[in-house]
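Here are my notes on the model you asked about. Keep the viewer open and look up each piece as you read.

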Amino acid sequence: MAVIEVTGLTKRFKEVEAVKGVDLTVYEGEVFGFLGPNGAGKTTTISMLCTILKPDGGQGQVAGYDLWLEKDKVRQNIGLVFQDPTLDRNLTAYENLWFHALIYGIPARERRERIEMVLKMVELYERKDSLVQTFSGGMKRRLEIARGLLHHPKILFLDEPTVGLDPQTRVHIWEYIHKIRKEKGITIFLTTHYMDEAENCDRIAVIDQGKIIALDTPDNLKQMVGNNIVYINSPEAAGIVTFIKEKFNLEAKIVKNQVVVEVKEAETFIPALLRELPFPVTAVSIKKPTLDDVFLKLTGREIRDEVGENHRTPGFSRRRRWR
Ligand SMILES: Nc1ncnc2c1ncn2[C@@H]1O[C@H](COP(=O)(O)OP(=O)(O)OP(=O)(O)O)[C@@H](O)[C@H]1O
């Protein structure tokens, strides 16, 4: 069942056409990734889906409600974690959640139980009475995720949930994302510019210059780019090249004493080869296309994450994260 269905979503900021007609369908229970370089239109799109920003054009429904006519209903049924922190540093973790529960009209008798449950989910229960200003970046992000879940949303929107966090914390945040999906069955819609993280999504929409340029599973997107490359080390390299030609009708080459061959799927080719190969093999390795290769093929531009672990300072002028 579709939980987000929009067509022709557009947004212009004076001379900048930030979003140029986005069509999107996201299904219940999916982890859906919106992947694109800095300035591609990710935040603008997510803001329109969350009804924070009014689209110039387009139509659709989010969480079963019309984006234009039922804004309040949309808001009641989604959770949102912004790119920049919005917690009150001078309140405790518990107090921050209590405040959110009040705003969302969660009945008094349910508040404590719900707060405790989400705190346990992101493993912050033991720190519930600590001031947020004593939290690490990762703990704050976990608390924001907990807050986004408090009112039982159908969809949780996360705008760059791991930006600015160290690699280990990023891995943890992803563990929570998968746990929430599994335990709550909710749909997760997130934006990212990290290629490696996008691999964690069930499906990805690649956005560039305000337009979706590809939408599929990570595996299908990578298959679009090309084949797997298999490298074989053997003292009988020339014999192996001939064997591969005769048996599989594939053109293998010898590069730096290694047999190199492009195949559709390394997982099926390698066992088939090794079963019948009459020559000794000392090592086999494979190279598969990455999402970076996908972006390069689609846009002709190389992707290099220039930002590293730096978080964009709120209000700081927009820098390009990708080339
Ligand atoms: N409030 C605004 N006023 C003017 N231009 C804006 C505004 N918000 C976004 N833009 C412009 O719209 C384009 C898309 O920006 P958007 O923030 O949606 O990109 P993004 O993919 O989310 O990038 P980032 O990773 O930096 O958040 C950019 O050119 C940006 O400068």
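The points below go through the sheets, the helices and the ligand shell.

1. Before we start, a word on the numbers. Residues count from 1 along each chain as its sequence is written. This is a predicted model, where local features need pLDDT of at least 70, side-chain atom pairs count only at pLDDT 80 or more, and totals for chains, interfaces and linings use all residues.

2. Let's begin with strand β1 (residues 2–13), which is joined to β2 by nine bridges, the two running antiparallel. Helices (H or I, at least four residues) and strands (E, at least two) are DSSP runs numbered from the N terminus, and two strands pair if DSSP finds at least two bridges between them. Glu5 has Thr25 in β2 as its bridge partner. The hairpin of β1 and β2 has two residues between the strands, and Lys14 there takes a positive phi near 50°.

3. Look for Thr7, which stands opposite Gln59 in β4.

4. Next, find the open sheet of six strands, ordered β6-β7-β8-β3-β9-β10, with mixed pairing. Its edges are β6 (78–81) and β10 (211–216), each pairing on one side only. From one strand to the next, the twist averages 15°. (Axes are lines fitted to C-alpha atoms, for helices over the stretch in contact, and angles run from 0 to 180 degrees between N-to-C directions.) Helix α11 (residues 291–299) packs on this sheet and touches β9 and β10, its direction making about 40° with that of β9. Contact here says that two C-beta atoms, placed from the backbone, lie within 7 Å.

5. Strand β9 (residues 203–208) runs antiparallel to β10, and five bridges join them.

6. β12 and β13 (residues 258–263) are joined by three bridges, and Ile254 has Val259 in β13 as its bridge partner.

7. Now a helix pair. α3 (residues 93–103) and α4 (residues 108–121) pack at about 125°, with their axes 10 Å apart. They are therefore oblique to each other; that word covers what is left once angles under 35 degrees count as roughly parallel, over 145 as roughly antiparallel and 65 to 115 as roughly perpendicular. Residues that meet include Tyr94 and Trp98 in α3, and Ile115 and Val118 in α4. The contact divides into eight nonpolar, no polar and two charged residues. (Ala, Val, Leu, Ile, Met, Phe, Trp, Tyr, Cys and Pro count as nonpolar, Asp, Glu, Lys and Arg as charged, and the others, Gly among them, as polar.)

8. Last, the ligand. Of the 13 residues around the ligand, Phe13, Ala18, Lys42, Thr43 and Thr44 come nearest; a residue is near if its C-beta atom, placed from the backbone, lies within 6 Å. The largest share of the shell, three residues, comes from α1. By class, the shell has four nonpolar, seven polar and two charged residues.
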